[in-house]
Amino acid sequence: MQAVKKDGKGETPMGDENKRFDVLIAGGSFVGLTQAIALAHCARGALRVAVADRTPLNTARARSHDGRASAHSAASKHLFSALGVWQRVERHVQPITGIDITDTALDSVVRPTLLHFDGALASGEPAAYMLENHRLRDALISLARETGGLTFLAPESVLDFQLTSSGITARLEHSGEVTAALLIAADGRKSALRKRAGIKTIGWSYPHAGIAATLALEKPHEGRAIQHFLPAGPFAILPLPDNRVSLVWTEARARADELIALYDAEFLSQARTRIGGRFGEVKLAGPRAAFPLNLHLARSFVAERMALVGDAAHGVHPLAGQGLNIGLRDVAALSEILVEAARLGLDPGGARLLARYQRWRRFDSAFSGLAMDALNQLFSHDNAPLRAIRSLGLGLVDRAPPLKRLFVREAAGLTGTVPRLLKGEAI
Ligand SMILES: Cc1cc2nc3c(=O)[nH]c(=O)nc-3n(C[C@H](O)[C@H](O)[C@H](O)COP(=O)(O)OP(=O)(O)OC[C@H]3O[C@@H](n4cnc5c(N)ncnc54)[C@H](O)[C@@H]3O)c2cc1C
């Protein structure tokens, strides 16, 4: 990493020599930090990269556990392994051994599984893994600080940017102006930089929120994930190490707020009603929080000398745990394009490179967002004829092993034009 001032509160640059970069990334969360590490690591010094996040690194708030864990596809695991991130989190990872899907009513005595997916790919490799978000964030921060050719600025906001004849000049809150050939916006779903570039989004808000909570179980989960489609929305029970589970529990927004505000014992009692008795006694094992849900897609993933990645470009319903995985596909595709270009001495902000990124990623992201929405629609209606058709359809899928294998490959992120890093190959 280049010279930075370390004052205990954060990291900000010293001197003008640190103010010229090839790539400036605004937003240093999961997607922005992975993008920064991937570019610095794979270009081996051929690109000067900076990443800025407005959140202080060392405060309790920045490091606190927001109650969320994420499902990471096999493809995302390949990317993290290639960058040396996976090695730092491996002991905290839980492979998913199988997925059970059900839509039985809560008062039903038995809860038959409508559809079961084996969690392994044909190679025997797990298709997905669970990992708590705070573990991933810690690993990305520590690796970013150790990676050569990477300047990590935090707390530091990218306030604005202007196009110049040879690049962009960005105005930072604490460090003044910096220049770059390319600005990558990884600043999340409300991306101010996307707005600043005049890029509109299409999509809608769901009237739901996703409640995330962690529970400890009495009986073993054996690595199984359960997706229970209830009239209020999907209720997912996702396995974590140490026989804990992460809940992603969808409810109407007002109801979600009420549930979050309950005393622990009342919240647990509501959770137990939905989980049933299969895991024996359950206890809270972490904080809980509710997240508003929406679907959005940027009308363009690029503007002059600018590319959008992660939630700044797209946001999907979390029912299949794909939002971050799709963002990491952006990272892998953009890294492949930029690193190849750097080796040829091309301008990283060049229009042809950005057009190639847009072609590669926008259709795939739109397809994923709409597929999640269609699944949510299919399961969010509770009338008897629809339930019957749905059960019949899922029963047919359950009896079609080739189709199930295809779904598992899709969930593993290994279909379509897969960027090399996601296949575990070097760029
Ligand atoms: C309940 C729930 C469960 C989910 N489960 C899964 C799952 O299992 N698997 C999965 O793949 N996905 C999942 N997702 C989706 C996933 O969490 C998001 O896709 C992911 O967090 C997006 O990461 P990001 O880095 O793009 O954006 P964010 O995490 O939103 O980060 C944006 C960053 O930009 C910074 N920032 C903003 N503006 C500026 C600025 N001007 N200057 C500098 N910094 C700035 C912010 O401080 C922040 O750190 C889930 C989402 C929800 C709500």
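Tutor: Let us begin with a charge over a ring. Arg-288 lies over the face of Phe-267, with 4.2 Å to the ring centre. Please bear in mind throughout that this model is predicted.

Student: Which residue lies over the face of Phe-291?

Tutor: That residue is Arg-68, at 4.1 Å from the ring centre of Phe-291.

Student: How many aromatic pairs does the structure hold?

Tutor: There are five aromatic pairs. Consider Phe-235 and Trp-249: their ring centres are 5.4 Å apart and the planes stand at 70°, so this pair is classed as edge-to-face, since planes over 60 degrees apart are given that name. The two residues are 14 residues apart and link distant parts of the chain, with Phe-235 in strand β16 (residues 233-240) and Trp-249 in strand β17 (residues 244-252).

Student: Are Phe-235 and Trp-249 buried or exposed?

Tutor: The criterion for burial is a relative accessible area under 20%. Phe-235 has 1% relative accessibility and therefore counts as buried; Trp-249, also at 1%, counts as buried too.

Student: Why is the pair of Phe-301 and Tyr-357 called tilted?

Tutor: Its planes are at 40°, with the ring centres 6.5 Å apart, so the pair is tilted; an angle over 60 degrees would be needed for edge-to-face, and one under 30 for stacked. Phe-301 sits in the loop between β19 (289-298) and β20 (302-303), while Tyr-357 belongs to helix α10 (residues 351-379), so the pair ties together parts 56 residues apart in sequence. Phe-301 is buried, at a relative accessible area of 0%, and Tyr-357 is buried with a value of 0%.

Student: How should I describe two packed helices?

Tutor: One gives the angle between their axes and the distance between those axes. Here, helix α1 (residues 30-43) packs with helix α5 (residues 133-146) at an angle of about 30°, and their axes are 10 Å apart. The crossing of α1 and α5 is left-handed.

Student: Which residues make the contact?

Tutor: Helix α1 contributes Phe-30, Leu-33, Thr-34 and Ile-37. From α5 come Asn-133, Leu-136, Arg-137, Leu-140, Ile-141, Leu-143 and Ala-144. Sorted by class, the contact of α1 with α5 comprises eight nonpolar, two polar and one charged residues.

Key. Residues numbered from 1 in each chain as written. Predicted model: local features only at pLDDT ≥ 70, side-chain atom pairs only at ≥ 80, totals over all residues. Heavy atoms only, no water. Phe/Tyr/Trp six-rings, centres within 6.5 Å; stacked < 30°, edge-to-face > 60°. Helix = DSSP H or I, 4+ residues; strand = E, 2+ residues; numbered from the N terminus. Buried < 20%, exposed > 50% of the residue type's maximum accessible area, 1.4 Å probe, protein only. Lys NZ or Arg CZ within 6 Å of the ring centre and 35° of its normal. Axes fitted to C-alpha atoms, helices over the stretch in contact; angles between N-to-C directions. Left-handed = near helix turned anticlockwise from the far one by under 90°. Contact = heavy atoms within 4.5 Å. Nonpolar A, V, L, I, M, F, W, Y, C, P; charged D, E, K, R; others polar.
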